[in-house]
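Hi,

Here is the structure I promised to pass on. Have a look at it first, and then read my notes below.

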Amino acid sequence: MFAFLKKAVRETDKLLILICLTLSAIGFIAVSSATHASVDDGEFFSREAKVMIIAVALGLFFALVISFFDYDFILRIWPIIGIVSIGLMLILFPFGCAPAGRDDSICWLKITNSLYFQPSEVVKIGFVISFAAHCNKVKNEIKSFKNVLLLGVHAGIFILLVVLTGDMGSALIFVMMFIAMMFAAGVDKIYFILGPIVVAAILPVAWYKVFGTIQRNRILALIYPELYPNEIYQQNQAAKAMQNGGLFGTGLFKGVYHKMVPESQNDMVFSVICEEFGYIGAIALMVLFVILIVKIIMIGKKSGSYPARIMCTGIAYMLGSQIMVNIGMCTKLLPVIGITLPFISAGGSSSLCIYLAIGLILSIARYSKEQPAEDFTYNKLSFRGIRT
C-alpha cells in the first residue's frame with residue numbers, strides 16, 4: 001500500500017494542483033472580503049466563503065479520484081456521459097428555477113432552501129469528453145462535410161439546450177469551446193471562415209427571437225449608457241472600485257467601492273481584486289491564469305493522444321473564455337452575461353465542477369506516460385491501475 005501511495009504521489013502533477021489551490025486561496029480571500037459585512041457576530045467567515053471551502057475540498061478530492069481512472073476508460077463511456085449531461089439539462093425545464101433578478105432564466109436546480117446547483121457547469125465537462133470521443137471516432141475523415149456537420153449537430157444540441165434555459169453566458173462559453181476543439185481536431189480551415197458568415201446571417205434573428213429583453217438592454221447599455229442607467233449601474237460601480245485601487249490597492253478588507261457593487265462576490269469579484277490588491281495584484285492573478293492554461297495545453301500536446309489533446313484544448317478554452325468574458329464584463333468591454341471568474345468567484349457549482357475538469361487533466365497527465373498499465377481487479381470490476 002505504501003508503495004502504491006508513493007507511486008501515486010510521484011505520478012500526480014503536483015504543479016497543476018498547486019496552481020489551482022493558489023487560485024482558490026486568492027478567490028477565498030476575495031470572496032471573504034466582498035462578503036465581510038454580512039458575517040454574523042462570532043463568525044469568522046461568511047456563508048459564501050464557507051461554501052467555497054467545502055466546494056474546493058470536495059472538488060480536490062474528486063479530482064484526485066478521477067485522476068486514477070485512465071482517460072481512455074472515461075472516453076469509452078462517453079455515450080453514458082453524454083446522455084447524463086443532456087438529461088441534466090432536460091431536468092431544468094420542469095424543475096429549473098431562476099437566479100435573483102433573472103425571471104427569464106431556469107438554469108438552476110434548487111437542492112435545499114439555501115443550496116442551488118447549476119447543471120451547465122458540469123455539462124461543460126460532459127461536452128468536452130463526448131465531443132473529443134466523437135472527434136476520435138471520425139478522425140480519419142474529420143475534414144469531410146458529413147462529419148463536420150455531425151460534429152456541429154453534436155455541439156448544437158448542447159448549445160441549444162443551454163440557450164433554451166436562458167443561460168446565454170454559458171451558451172457563449174460552449175460556442176468558444178466548440179470552435180477551439182474543432183480547430184484542435186484538425187477540421188479544414190474553410191469551415192472557420194464560413195462560420196462567422198453563418199453567425200452574421202442569423203444574428204438579426206437571434207437578437208429578436210433568442211435574446212431576452214434584459215440581455216438586449218445590457219448590450220445596448222454599453223453603447224448608450226445614459227439610456228440604460230439600471231443596466232449599466234453594476235459595471236459603473238465596478239469601474240469605480242477598480243480605479244480606487246490604483247497601482248497597489250487599498251489593502252485587504254479596506255476596499256470601499258466594491259461594497260457598492262452588486263454581486264461583487266460573484267460576477268464582479270475582479271473589481272474586489274483590483275481595489276484591494278491594485279493593478280499589480282490583478283496582473284499577478286492574470287499571470288497565474290496564463291500559466292494554468294498553458295500548462296493544460298502542454299499536457300495535451302505532450303500526451304501524444306489525439307482525443308487527450310482535444311479534451312485539454314476544450315478545458316483550457318473553457319477556463320480562458322470565462323476569464324476573458326468575466327474581466328470584459330468588469331471593464332465594460334462586454335455586457336454582463338452572468339459568467340463567473342474561475343477559481344475566484346463565489347459559488348459551489350462553479351468551484352466543484354472546475355476541479356472535476358482538473359481531475360480529467362490530471363488523468364491525462366498521469367496516463368500519458370509511456371509506461372505499461374498495471375491491471376487490478378476490485379469486486380469483479382477491472383480497471384487500469386497506476387502505470388509501472
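**How the helices cross**

The crossing of helix 12 and helix 13 is left-handed. Keep in mind that this is a predicted model. The axes of these two helices, residues 269-303 and residues 306-330, come within 8 Å and cross at roughly 165 degrees. That makes helix 12 roughly antiparallel to helix 13, because angles over 145 degrees count as roughly antiparallel. If you want to find the contact on screen, the helix 12 side includes F270, M286, F289 and I293. On the helix 13 side, look for residues including A308, R309, C312 and I315.

Helix 13 has another partner to look at. Helix 6 packs with helix 13 at an angle of about 150 degrees, and their axes are 9 Å apart. The crossing of helix 6 and helix 13 is right-handed. Helix 6 brings E121, K124, V128, I129, A132, C135 and N136 to this contact. Helix 13 meets them with Y306, P307, I310, M311, G314, I315, M318 and Q322.

**A357, over in helix 14**

Next, click on A357, which lies in helix 14 (residues 348-367). Is A357 buried or exposed? Its relative accessibility is 0%, so A357 counts as buried; the cut-off for buried is under 20%. Which residues does A357 touch, leaving aside its neighbours within four places in sequence? The contacts are I125, I315 and M318.

Now look down the axis of helix 5: its buried residues fall within an arc of 105 degrees, so they line one face of the helix. Those buried residues are I81, G82, S85, M89 and L92. What do they pack against? Their partners are helix 4 (71-76), strand 1 (96-97), strand 2 (108-110), helix 6 (119-137) and helix 7 (145-164). The face turned away from the buried side carries the exposed residues I80, I83, P94 and F95.

Most residues other than glycine have a negative phi. F253 is not a glycine, but it has a positive phi of about 65 degrees. You will find F253 in the loop between helix 11 and helix 12, and at 38% relative accessibility it counts as partly exposed. K332 also has a positive phi of about 65 degrees and is not a glycine. K332 lies in the loop between helix 13 and helix 14, and with 34% relative accessibility K332 counts as partly exposed.

Last stop: N266, which has its place in the loop between helix 11 (229-245) and helix 12. Here the relative accessible area is 17%, and N266 is buried. Not counting residues up to four places away in sequence, N266 touches S345, A346 and G347.

Happy exploring!

Conventions. Residues numbered from 1 in each chain as written. Predicted model: local features only at pLDDT ≥ 70, side-chain atom pairs only at ≥ 80, totals over all residues. Heavy atoms only, no water. Buried < 20%, exposed > 50% of the residue type's maximum accessible area, 1.4 Å probe, protein only. Helix = DSSP H or I, 4+ residues; strand = E, 2+ residues; numbered from the N terminus. Arc of directions from axis to C-beta. Contact = heavy atoms within 4.5 Å. Axes fitted to C-alpha atoms, helices over the stretch in contact; angles between N-to-C directions. Parallel < 35°, antiparallel > 145°, perpendicular 65-115°, else oblique. Left-handed = near helix turned anticlockwise from the far one by under 90°.
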